[in-house]
Amino acid sequence: GGGGGDLSDPFMRSMQAMGFPAGHVKFAVEVLGKQSEQRNVEFLVNCSAVCERHSRRPSDVTVESVRMAVDAWGLGDPQMILRCAASWKQFRELGFDVCKVKEALLLTNNDQEKALCYLMGDDE
């Protein structure tokens, strides 16, 4: 069994009953866990574009990058989350360490150019 992705789970079933797609519900739980149904529903509503993108290209919008963005910037700005996911993917493909990527994006408030400079050790 994987990490909490069981759709027979009552927590997940109740969100599906609200009409959210199963894949989105599963993604929300992977990102946020099961502390608060309200928070998961808020994510599903506000960030449907993020869920959609994840379902089409999971490697572009990873659970880890979205979790980091949500922790840092909340659920109110899906574009911020998508930008963070895109930068994350790019920096990881360039071979940068996860912790470094996280640090760079947080310190530069998700500014891809500044984050890259930071990662290249070019921060003045």
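A salt bridge is a side-chain nitrogen of Lys or Arg within 4 Å of a carboxyl oxygen of Asp or Glu. The structure holds eight of these salt bridges.

This is a predicted model, in which local features need pLDDT of at least 70 and side-chain atom pairs count only at pLDDT 80 or more, while totals for chains, interfaces and linings use all residues. Residues are numbered from 1 along each chain as its sequence is written, and side-chain values use heavy atoms, with hydrogens and water left out.

Select K34 and D9. They form a salt bridge, with the closest N and O atoms 2.2 Å apart. K34 lies in the loop between helix 2 and helix 3 and D9 in the segment before helix 1, so the pair ties together parts that are 25 residues apart in sequence. Helices here are DSSP runs (H or I, at least four residues), numbered from the N terminus. D9 is buried at 15% relative accessible area, whereas K34 is partly exposed at 35%. Buried means under 20%, exposed over 50% and partly exposed in between (1.4 Å probe, protein chains only).

Next, select D60 and K89, another salt bridge, with closest N and O atoms 3.5 Å apart. D60 lies in the loop between helix 4 and helix 5, and K89 in helix 6.

Now select V66. Leaving aside neighbours within four places in sequence, V66 is in contact with F27, V31, F43, V50, V61 and I81; contact means heavy atoms within 4.5 Å.

Finally, show helix 2 and helix 5. Their contact is made by F27, E30, V31 and L32 of helix 2 and V63, V66, R67 and V70 of helix 5.

Definitions and conventions: Helix = DSSP H or I, 4+ residues; strand = E, 2+ residues; numbered from the N terminus.
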